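Me: I would like to go through this structure with you. Shall we start with its pockets?

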Amino acid sequence: GFLKLMEKFAKTVLFGTFLAEAVFCLYLGFAGKFEAGRAFWFTIIALAIGIYVAVMHKKIAKAGDCISVASTALLSMPSLMATVYGWMVASAVLVFVLIGVAMASGKHWRVRERSARAWERGDWPEYTTCNWEYHGGWYLVTWILVVIWKWMWAYLVMTQVYFVSGCVAQYNFDRSLVTKAMPLTLIKLAFTKSAGTVGKSALILQFITWVKKKTKINGKNCCCLINPFHWPVLLVAAILRCCCITCLKMLNKFALIFHVITGDE
């Protein structure tokens with residue numbers, strides 16, 4: 001359903017997304033009690049989105065054409081779609097591995113009872129605390145296993161990018177060479193000849209995920225959320241953050257796709 005939609009109406013969906021963003025900004029600016037400052041800044045942001053679309057409309061339309069062609073390729077290769085869904089199911093096995101590691105680690109943690117003091121009504125009464133504490137070197141072992149698990153998950157994600165992009169590229173270059181076994185052949189290459197490139201892409205993806213987690217804007221790390229007048233600035237910061245992180249992800253995928261097509265490291 002979604003692929004069929006993107007095959008026929010990719011441009012409409014892209015331009016409609018920008019329109020929805022501009023309308024949402026106007027809604028944030030004028031909804032509820034009217035505030036001139038808030039309405040002004042959100043109107044500026046909505047106008048900026050409109051100016052961006054007006055300037056970049058040719059590139060947006062070209063991106064729509066690329067999405068449409070890719071959707072056609074995916075719909076024309078049932079074996080690729082079956083491999084994609086099968087790969088998603090196989091990747092779920094890693095979740096059970098992580099659960100097993102957590103369960104094994106939990107057996108080596110223990111509850112330790114301590115005492116502490118807190119200022120209350122002019123005195124320092126003592127009270128009892130109970131905390132989970134690791135025993136022996138299991139904290140380090142668990143940390144190493146979780147790091148390895150995260151890298152393996154990123155490796156599987158980039159492997160999917162590898163074989164999907166390879167099949168789509170081959171479909172557009174020479175459809176006569178497309179076979180049912182091509183997705184499995186590309187998966188084999190991702191774990192053999194191209195293992196180094198896929199592994200580096202996985203490390204970069206893991207780093208981007210870490211940056212995304214550390215730069216998240218919420219009530220705990222941003223006191224400006226309390227003041228509504230700061231919301232437009234926070235919205236711009238959130239948009240820039242999203243654009244930078246998305247750009248890094250796309251550059252990482254672009255480098256891997258370039259490797260799939262050309263064979264260059």
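**Pockets and cysteines**

Reply: The lining of the largest pocket comprises 41 nonpolar, six polar and two charged residues. Here Ala, Val, Leu, Ile, Met, Phe, Trp, Tyr, Cys and Pro count as nonpolar, Asp, Glu, Lys and Arg as charged, and the others, Gly among them, as polar. The model is predicted: local features need pLDDT of at least 70, side-chain atom pairs count only at pLDDT 80 or more, and totals for chains, interfaces and linings use all residues. Residues are numbered from 1 along each chain as its sequence is written, and side-chain values use heavy atoms, with hydrogens and water left out.

Me: Which element gives the largest share of that lining?

Reply: Helix 8 does, with 16 residues. Helices are DSSP runs of H or I, at least four residues, numbered from the N terminus.

Me: What about the second largest pocket, by class?

Reply: Its lining has nine nonpolar, two polar and three charged residues.

Me: Changing topic: how many disulfides are there?

Reply: A search of the whole structure finds zero, a disulfide being a pair of cysteine sulfur atoms within 2.5 Å.

Me: Is C25 buried or exposed?

Reply: C25 is buried, at 5% relative accessible area, whereas C247 is partly exposed at 42%. Buried means under 20%, exposed over 50% and partly exposed in between, with a 1.4 Å probe and protein chains only.

How values were computed: Helices (H or I, at least four residues) and strands (E, at least two) are DSSP runs, numbered from the N terminus.
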